[in-house]
Number of protein chains: 2
Amino acid sequence: MSMEIPYKIYLEEKEMPAQWYNVRADMANKPAPLLNPGTMQPITLDELKPVFCEELARQELDDTTPYIDIPEEIRSFYKMYRPSPLTRAYCLEKALDTPAHIYYKFEGNNTSGSHKLNSAIAQAYYAKQEGLKGVTTETGAGQWGTALSMACSYFDLDCQVYMVKVSYEQKPFRREVMRTYGAKVTPSPSMDTNVGRKINQEFPGTTGSLGCAISEAVEAATSQDGYRYVLGSVLSQVLLHQSIIGLETKTALDKYGIKADLIIGCAGGGSNLGGLISPFAGEMLRGEADYQIIAVEPASCPSLTRGSYRYDFCDTGKVCPLAKMYTLGSGFIPSANHAGGLRYHGMSSVVSQLYEDGYLEARSVGQTEVFRAAQQFARVEGILPAPESSHAILVAIDEALKCKETGEEKNIVFVLTGTGYFDMVAYQKFNDGDMSDYIPTDAEIKASLAKLPTV
Amino acid sequence: MSMEIPYKIYLEEKEMPAQWYNVRADMANKPAPLLNPGTMQPITLDELKPVFCEELARQELDDTTPYIDIPEEIRSFYKMYRPSPLTRAYCLEKALDTPAHIYYKFEGNNTSGSHKLNSAIAQAYYAKQEGLKGVTTETGAGQWGTALSMACSYFDLDCQVYMVKVSYEQKPFRREVMRTYGAKVTPSPSMDTNVGRKINQEFPGTTGSLGCAISEAVEAATSQDGYRYVLGSVLSQVLLHQSIIGLETKTALDKYGIKADLIIGCAGGGSNLGGLISPFAGEMLRGEADYQIIAVEPASCPSLTRGSYRYDFCDTGKVCPLAKMYTLGSGFIPSANHAGGLRYHGMSSVVSQLYEDGYLEARSVGQTEVFRAAQQFARVEGILPAPESSHAILVAIDEALKCKETGEEKNIVFVLTGTGYFDMVAYQKFNDGDMSDYIPTDAEIKASLAKLPTV
C-alpha cells in the first residue's frame, strides 16, 4: 500500500465499533477471579450487586464472551467526541530525524480531557437503566471524576466524587469543572466516612491516595439507598469499555494498510493500556499476529516492574474485593511530590496476567525526564499532554531514536490519553526547575508488601 | 439532499482551503484606511514596516486581492489541528426540543484552546521568513498569547507577551502554558515600558486593558532590534487568516447540501466573527445569496450596539495607527468584574463597515445569562466552552427556541471559538452564585468618546 497518510486519520461514524472486545475471552490463562474480602472465596454476581450495577457486575465476571454490544445510547454519546483521531506525528518525526513512523491515538478531545469518558458514559448508562439515583467514585488527577460528572449530567444522575486530597489542592479548577457538571466533590480522606476518619487518625496530614479514596466512595455508595460505586480503571469492565480505543486504532491502521510494530501505553491502573492493546493482544493470543507491547509506569509507583504478582485489596480500606495483580501493596502511597498521575498501587488483573504470560514488557521512567518529553512533544505537535500520557511519549521518543541508530522504519503507536490543561502546577514546577524525582527503596516496597494477606 | 448528517463533519485534508479569502475585495464600500497617528493621513506600507512584518503590512493594506495563497509551511501546521469539525448539535437540539438544526464549528481542539492559532501561525511564519529574532504582542484572556507562543516555538522565534494584569492574576496557568512553549510573559501595565509606567502613574492599581497592553507590546517591538509587533484580532490581516474558519464551514455545509439561514459569532475585536462570515458575506456582497448574520457582544463592552462609528486609536497609548471602527473610545476600560473576554474597546474595521452597511446585526448580552448558556451547553454537548464563545451559544439557543415557537426548521451555524479550561475562576464565581453583571452608563460611554480626536 502506498496511500498517502494524512496527519490525522478520522474514521467515519459508520466505521465506529458497534461492540466492545473482551480480551479475556481469548486468554488461555484467564485473570484470577476476584475474591470476596469476607470469605476469601471467588466473589459471586449476587455478592457484587450491592456494590456495582448488575450489568456491570456481569461484565466484570464475564471472561468468555468475546464481543459485547455497545448500547445505542452510549454509541450516540460516543459520537459527540469520537471517533478520536489517529494522528501521524510528522512534526515529531522530523524533529527527531527518525525513520520511524510515529502514530498516536489522541483521546483528549473532550472536556474530561482523557479517555476516561469512554467508560464513564457506559457505567452511568447502566446505572440509569437500573433506576439508580446516583453513583459515587474516587478520582486522583481528576480526569475520571470529570468524566463521570459529565456522564452523570448527561443521564441526570447524582454524582459524588471523592478526590485525592493532594489533587484537590493542586487542581482547584478540576473541582470547578465537576461542579459545573453538577457533581459534589469531597477531598479524601474526608471526615464524612468511617474509613476516611480512620485514615485521617492513623496518618494525620496525609495527602491521600487513590486506594483510600476508593474505600470512601465504596462506603458512601453502600450506605445510601439507590447508589452504587463506579471505578475508572483497574476493573475488567473498564478495560472492556476502553477497548474502543484499540478497536478504532486498529480499524484506522488497517484502512491505510499499516502494521504496528511497537505499541506503547502509560500504565496506572491499566485502563488506557488495556483498552489500546486488547484487539492487538487478542491477535497474539489467537496466534494471528505478533507485536511488541510496552507498558510505561512511573518510577515512583512501579507496580509492574518492582511489584509482586499476588492477591491484594483494590483499596486501602480493604472493603473492596481482592484481585490478583502486580501490586506494591494496597497500603503503598506514592510520594506527594510525584505529579505525574498513575498513582495506583496495583495493576489491572487482565494486564497483569498478560504481562505474567509475556505478552507485554514494562518500563519505569523518572518524572523529570517525562516532563522533558512532554515539553518537547508540546512544542512540535501542538498539544500540551497530560503528565500521564507523557510517560508513553517518552518511551515512543526513545524508541524512535533507537530506530534512528538502526535505520529501522518501525511503526510506533501510542495512546495520547489526555491533555495537561489542569496540570499546570506540575508544569510550573518543571518550568521553574523545581521538579524532583522520587524512587521508593526496596525496603519500602518490601514493607508495604509484607502487610498483605496470604491467599 | 437527504444524506444522513453525522455528529461531526470532518473535511479531508485535500478539502482544506489552499487560499485565504479577503472579503474586502468584494466590498463596494471598503473599510476606511488606517491613519498614521503622526500625520493623520492614510498610512503607507513604508510607515507600517517598522511595526509589522512587510508581508503582513502588505496584507493589511490589500483590499483588492480576493484570494491569497496559504504558504505550504502554514498549511502543514494547519494539518496538525485542522480541519476543525463542524458539529451538528443533536444533543442540544433534543434538550431544547427545537425543530432548528444547530451546527457549530469547533475551533478549540488545540492547546491554545481557540481559533487564535489560525492567525498566530501565519504571523510567526512571515516573521521567520523576514529573518526576525522575535515578536511582541498583548493578550487578554490569554488565548492569543498562548497561540502565539505555540506558533513561535514551532518556528523557533522569541516571543514576548504583555498580558492584561487582571487575566494574568486570574489565569496563572495560562502563563505556565506560554512559558512551557518558551514565551516571556509580563503583566500589563508593567514598569518595563514608558507607556506602562505612564499608565500605572495615571491609574494606580489599574487591572489593565487590551488597549494598554497593545501599547506596551508595540513599544517593546520598536525599541528592540529584529522584533516586530503582532496582533491577534481587529486587523484586516487577522480576519484574512481567520477566513479559514468560514471557508471550511462553507465547504462542510455544501458537502451535505445544507444552506445556513442564520450565522452567529461572538465579537470582541471581530476576528472569529469576521473569519466565519467572510465567505458568506462575500456571497451577499456579490448578490449570490442571503444570510442573517448576528454579532454577539458583552453588555459590558458593547462597541457595535452602543459605540460610535468613527476614527479611533487601536490602543490606549495612542502609538498605533487609527482605524475607523465602531468604538467605545480607546480610553474605555471594561469593569474588572467582567469575566467573559471580548474586552476590546473597538471592532474590526471590516466588521464595522459590513455592520454599517447592514450586512449583519448586533446584540449585546449579560454575563450571567452567558454563563447559564455555557453550563447548559457543557452539560448536553460535552464541551465546556470559553466564556467568549458562550455569547454565541446564548444567542443560538435563543434563536433555536424562537424556532420552537414558530416551527421553523432553520439551520443555525455558530463558531464555538474555544474551550473554558483556563476560565475556571469565572466558572467558580458562577457556580457559587457570585457572578454580577455590569453595564456601562450612557454617560460613561459619552465621556470616553469625548476624548477622541476629531478626524
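How many bridges join strand E12 of chain A to E13(A)? Select residues 308-313 of chain A, which are E12, and E13(A) with them: 6 bridges join the two, and they run antiparallel. (Strands, E, at least two residues, and helices, H or I, at least four, are DSSP runs numbered from the N terminus; two strands pair if DSSP finds at least two bridges between them.) Click A:Phe313 and you'll find its bridge partner in E13(A), A:Leu322.

A word on the ground rules: this is a predicted model, where local features need pLDDT of at least 70 and side-chain atom pairs count only at pLDDT 80 or more, while totals for chains, interfaces and linings use all residues. Residues are numbered from 1 along each chain as its sequence is written, chains are lettered from A in the order in which they are written, and side-chain values use heavy atoms, with hydrogens and water left out.

Now turn to where chain B meets chain A. The contact (heavy atoms within 4.5 Å) takes 42 residues from chain B and 42 residues from chain A. Next, show B:Phe173, B:Thr180 and B:Tyr421: they supply 17% of the area that chain B buries against chain A, more than any other three residues. (Buried area is the accessible area, 1.4 Å probe, that two parts lose on being put together, summed over both.)

Then pick B:Asp432 and A:Arg179, a salt bridge whose closest N and O atoms are 2.8 Å apart. (That's a side-chain nitrogen of Lys or Arg within 4 Å of a carboxyl oxygen of Asp or Glu.) Finish on H8(B), which gives the most to the side of chain B that touches chain A, with 6 residues.
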